[in-house]
Amino acid sequence: MIKLIVYLAIIGGLAYCGATVKLGNMTFFEHVRAIWHTEQAQDLKRGVEDKAGPTVDKLEKGAKAGYHAMQGSGSNSVLLDAGVDAAR
């Protein structure tokens, strides 16, 4: 419990410093925001979205199929229940 409190205090202190302490003419978070909005970073973001997009779509379809299979709709649930009873 004490570790958690120490970690939260450290994270809170870093967040406070990142938002308020000036490093040159901007804070740390302002520097990160400025870097993120450069053309090179946006190009990187678009490239990752293009390459990872099909994989994310497949994962979403698989998760939805798994969810629907867990719901046990119609005759599939009867077959699954019969298989469990037969195995006993």
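A salt bridge here is a side-chain nitrogen of Lys or Arg within 4 Å of a carboxyl oxygen of Asp or Glu.

First, what we are looking at. This is a predicted model, where local features need pLDDT of at least 70, side-chain atom pairs count only at pLDDT 80 or more, and totals for chains, interfaces and linings use all residues. Residues are numbered from 1 along each chain as its sequence is written, and side-chain values use heavy atoms, with hydrogens and water left out.

Now confidence. pLDDT is the predictor's confidence in each residue, from 0 to 100. The chain averages 85, and 82% of the residues score at least 70. Helix H1 has the highest confidence, at a mean of 96. Helix H4, residues 75-87, has the lowest, at 50. Where pLDDT is low, the predicted coordinates should not be read in detail.

Next, the layout. There are four helices and two strands. From the N terminus, the order is α-β-β-α-α-α. Helices (H or I, at least four residues) and strands (E, at least two) are DSSP runs, numbered from the N terminus.

Look at H3, residues 39-71. It has 33 residues and reaches 46 Å from first C-alpha to last, close to the 48 Å expected at 1.5 Å a residue. That expected span is 1.5 Å times one less than the number of residues. Where does H3 kink? At Ala 52, by about 45°, shortly before the proline Pro 54. The bend is the angle between axes fitted to the seven residues ending there and the seven starting there. After H3 comes Gly 72, with a positive phi near 65°.

Back to salt bridges. The count is two. One joins Glu 39 and Arg 46, at 3.0 Å, N to O. Glu 39 is exposed, at 54% relative accessible area. Arg 46 is partly exposed, at 39%. Buried means under 20%, exposed over 50%, partly exposed in between (1.4 Å probe, protein chains only). Glu 30 pairs with Lys 22, the closest N and O atoms being 4.0 Å apart. Glu 30 is partly exposed, at 36%.

Last, the surface. Of the 88 residues, 6% count as buried. The chain exposes about 7800 Å², and carbon and sulfur atoms supply 67% of it. Ile 10 lies in helix H1, residues 2-20, and is partly exposed, at 46%. That's where I'll stop.

Conventions. Accessible areas come from the Shrake-Rupley method with a 1.4 Å probe; for residues, only the protein chains shown count as cover.
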